[in-house]
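Subject: Structure for your review

Dear colleague,

Please find below the structure that I am handing over to you. My findings follow directly after it.

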Amino acid sequence: MLARISRRLAGLLATLLAASFVIFAAVYAAPGDPAVFLAGGRDKLSPEKLELVRAQYHLDEPLVVQYGRWLGDCVQLDLGRSFKYSDQVADLLAARFPTTLTLVAYATVLFVVLGVGAGVLAAVRRGTWIDSTVVGGTTLAASVPSFVSAIALVAVFGVQLGWFPVTGSGEGFAGTVHHLTLPALSLALGALALISRVTRQSMVDAGAADHVEVARASGIREREIVVRHVLRNALGPIVTMCGLVMAGMLAGTVVVETAFGISGIGSLLVGAINTHDFPVAQAVLLLMVTGYIVVTTLVDLVHPLLDPRVKEASA
Amino acid sequence: MLLDIENLTLELPGTARPVLNGVSLRVAGGEVVGLVGESGSGKSTTARAALRTLPDRTVASGSVRVDGTDVLALTGDALRRHRARTVAMVHQDPRSALNPVRRIGDFLVERLTGTGLDKKAARTRAVELLDTVGLSDPERRFRQHPHELSGGMLQRVVIAGALAAEPRLLLADEATSALDVTTQAEILALLRTLRADRSLGLLFITHDLQLAAAYCDRVYVMYAGRVVEEQPAGGLFDRPRHPYTKGLLACSPTLGEGRRKILPIPGRPPSLADAFGGCEFADRCPDAEPECSTWRPEPVPLDGEGAATCRRLPALPGAGTERRNDR
Amino acid sequence: MSAPTLDRVGPKTGKDRRPAGVMIADGTLVVVVLAALLAPLLAPYAPDAIDLSASLVGTGPEHLLGTDSSGQDLLSRVLYGARTSLVAPILLLAIAAVLGVTLGTLAAWRGGWVDTVVSRLTDVMYAFPGLLFTVLIIAVFGAGMTTSVLALGLAYTPTVAKYTRSVALSERRKPYIDAYGVQGMGGARICARYLVPNLGRSIIGYLVVLFGEALMSLATLSYLGFGAQPPSSDWGLMVQEGQAAVVQGALLPALVPGFAIALVVVSFNVVGVWAADRLGSRR
C-alpha cells in the first residue's frame, strides 16, 4: 500500500513539474521579447516597468534557474503581479477561487445525483422505454456545448420564466445557490451522459453476480438488493468516473463563468487572455492543472479502498 | 406434506424438450430426501421451483405446494415473504453466494431483519447463529469479510443465513460438492443435526448417488428433466430398478468392492437441444428395445415402495446384475 | 494476409440496415453539408449585410429566422457559418491525424525509448484538462481562427497517437508484416505502404467519432473570443454576439446558431458511434 502511494505521489510530482514547466516556458515560445510579452505588450510600457518584469521573472538568468525561482515563488504563493489590474495575482485568485469552487461543488452534486440516479434507473429498468429515454436523453445533453446549454437555460428559466437570476454569483448561501443553479446545471449537463452510462454498465455487471440472485431467492427486498448488493458493488468505476469528471470541471468553468458573467477564476482566465495579461493566465492555468492532477491522483488512491479484498491484501 | 410437487412441467422457449417433464416429488417435515442426477437433469430447477426463482418466460404446468401454499401462484410481497420465511436454499459455492464487499454480519443481519427482527436483536441473533453452525469466535466472524474465511467456514455462514429465516424447508443444492472431504462430512453432520433439532424438511441435491443413498431417507433419481426412479435409500442402493440408476451405481468406484468393473454409461448426457420421441434414456440404455423409443414414459409402481419410469420393469431383474448383495 | 478494406461497409442487406436514428442523422448531415455548399444560392441576404433599421426582427417572411442586433439576417449567417463550422474541424482533425498517426505508428513500431518519450509527452498534455492546453497556446500566440485550428490540432494529437499506437501494436503482430520483413523490406516502407493503410479504416472511424467533439471545441473557442473573429459568421461567434440580446427577450440570435451546433454534433455523434462500431474502432 505504502509503496503504491509513494509511487503515485512520485508520478504526481513528475507530472506537475512537467506541466508547470510547459506553462512557464510558454513565455519563450511567444514571438518577441519575453519581458515585453509578460508586461502585456508594448503600449504604455515604461523602462521601469520592463525592469520590474525582468526582476520578477529573473529573465537575465539561465532558463532552468528562472524556472526554479518561479516555481519557488509559486509554492510560496507569490504568483507575480498583474500588470492590468496592478495587483498581486495571488490576491486576485484568492478573491475569485471560492466562487469557482462553489460552482464546481454545486455542479458535482448535481451530476452525481442526476447522473448516478439516471444510470441506476436505466440499469434497474434495463430494456424498457425508461432505459432508452435515459440513454437517449443524456447522449443528447452531451452533444450540446455548455455555452449553448447555458444560454438556453438563461432564455427559458431566467428570461421567460424569471425563476433564476441571469448573471452574477449572489450573496449568502441561499443567494449563492439561487444564482449558481443555472451555471451549475449547464456545467453538469455534459457530464450526465458519461456518468449515467458508466453507472448503468457497472450496475449491470454487478447485478449479474451470483450473490445477487441468491439474495433475491432469500426474499430480500428488491430496493435493498439494488442499493446494498448491486450499487454498492458497482461503486468502484462510478466513484472513479465521478472523480475524474469533477477534476475536469475546473476547466469547464472557463466557459460557464463567461456565459453567466460570474467572476471566478475561469472568467479571470478568459479576461486575462483577451487583455494580454499573461502572468494572470499563467497563474490560473497552473492552479487548474494542479487541481486536476491532484484530484485525479486522489481518485486513483481512494478507489481500492472501496473493495475490502484489495484494501486488506495491501494493508 | 411440506413440499409437494405434483406433475410439474416447465417449458422454456427455444428449447427442444421441457426442462422439467412431469416431475412429482414430496418432502415431509423432518425427512431428508435426496435428488440425484447429472448436470442438466433438472434437479436444481426442481429446487428452484420451490422458491419460484425460475427464468422469465418459463411456462409451467402442474403444481408446487409448500406447506399447502401454491408457490407458482405467488407474486410480489407474498412471494418475497415465502422466500424469506418458509424455504431457504444452500448453494454449491458459498464464495459466490456471499457479497464479497460486505461483512459476514451484514449478510446475516440482512436475512434476519427480513424476517421482521429489529437491528439490535438481529445482531445478537446473528452471533448466536454463527455459534449454532459451529463457527469458533462468532463475534469476530461477524466482523470479517468472506475472503478471510475458508470454504467450509463460509458454507457454515451460508447455512446460518439459511437458518436465519427459521425455514420449514431447506434446499441444499450441491451444498457440499465444492468442499474437501473432511469439511464435507462436517457440513453433512451439521445439516442432519439441524434437521433433527428443528424438524426441517431437507431436500438434498447431489450428483453423487452413493452419497445420497447413504445420507438420505428417500432418493429421487432424475434424467433429462424426468424423475426416473424413486425409492427409500436402502432399497435404491440394494435393488436399483431403473437401468439409469443401475448405470450410475456401476460407474462409480466404491471402497471394499473387490475387483468390480467400473462401467461408464455409454453416450453423453442429453442437453436441452435434444428432443425425444419416447423414453429419454433409450439410446444409452443397455436393456432398451426398439419400442422404448416410442413409449411414453410414466412411473411404474415398485413392489415395495417407490416407482421407476421404465417400460421394461417387469422383465428386468430386481437387483443390479453385477452387484454383490451383502451390503 | 487479407487487408481490411473500406468498401465492406457499403452494402445494406437485412441486419446491416441502419437504425432509424442513424438514418435521420445521416439525412441531417447531408442537408447541412448541402446548405454549406449552396449557401450563396440559398441565403436570401449577404451574411454581413447590416440593416440597423431591422435590428432584432423576429421570424417572418422578410427574415425567416429573424435578425440579430445589427439587423443581419440569421438564416443567411447560419448558412454561411456552416462553412467555417464544418471545414475548420476537418482541418484540425487532419493536422491531428497526420501528427498522431506518425507518432503513434513510430511508438508502436520502434517501441523502447521512442515509445516512452511519446507516452510521456502524451501524459504531460493529458495533465491539461479540457481545452486548457489549447487555451495556453492561444494565450501565447494570440486569438484567431488559424491559431485555434493549429492549437486544437496539436491538442488532439495525443488522443489520435494513443489510439493509433494501440491498433498498430495489434496489427503489427499479424504474420503478413513479418512476411514483408523477411523479404527484406525496411520498417519505414512496411509502415507507410501496408501497416498504416490497413489501419486507415479504423482510424477514420475514430476521427468521425472525434468530429463532433472537435466542432464543439472550436465553437467554444470562438464563443470565448479566441477563435473566429468578426465579421465571420462562425456559429460559436454568433452565439456570443447574440447573447446580449437574450436578456432583452430576443432569443433567436443566440439560439439559432446554438441549435445548429447541437444538431450537427448530435448527428455526428449518432453516426460516429454507429460507424465506429461497424469499423471496429470504438474507444
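In chain B, strand β3 (residues 32–36) and strand β8 (residues 201–206) pair in the parallel sense over five bridges; strands are DSSP runs of E with at least two residues, numbered from the N terminus, and two strands pair if DSSP finds at least two bridges between them. Within this pairing, B:G34 stands opposite B:F204 of β8(B). The model is a predicted one, in which local features need pLDDT of at least 70 and side-chain atom pairs count only at pLDDT 80 or more, while totals for chains, interfaces and linings use all residues. Residues are numbered from 1 along each chain as its sequence is written, and chains are lettered from A and ligands numbered from 1 in the order in which they are written.

Strand β3(B) also pairs in the parallel sense with strand β9 (residues 218–223) of chain B, over four bridges. There, B:V221 is the bridge partner of B:V36.

How many of the five residues of β3(B) are buried? The count is five of five, where buried means that 20 or more other C-beta atoms, placed from the backbone, lie within 10 Å of the residue's own. In a regular strand the side chains alternate between the two faces of the sheet. In β3(B) both faces are covered, with B:V32, B:G34 and B:V36 on one side and B:V33 and B:L35 on the other.

Turning to chain A, 13 helices and two strands are found; helices are DSSP runs of H or I with at least four residues. The C-alpha trace of chain A spans about 80 × 55 × 35 Å along its principal axes, and 44% of its 315 residues count as buried.

Helix α7 (residues 146–160) of chain A has 15 residues and reaches 20 Å from its first C-alpha to its last, close to the expected 21 Å; the expected span is 1.5 Å times one less than the number of residues. At A:V154, α7(A) bends by about 30°, the bend being the angle between axes fitted to the seven residues ending there and the seven starting there. Eleven of the 15 residues of α7(A) are buried, among them A:F147, A:L153 and A:G158. Just after α7(A), A:G162 takes a positive phi of about 70°.

Finally, which two chains do not touch? They are chain B and chain C, whose nearest C-alpha atoms are 21 Å apart.

Yours sincerely

Terms used: Buried ≥ 20, exposed ≤ 12 C-beta atoms within 10 Å, placed from the backbone. Contact = placed C-beta atoms within 7 Å.
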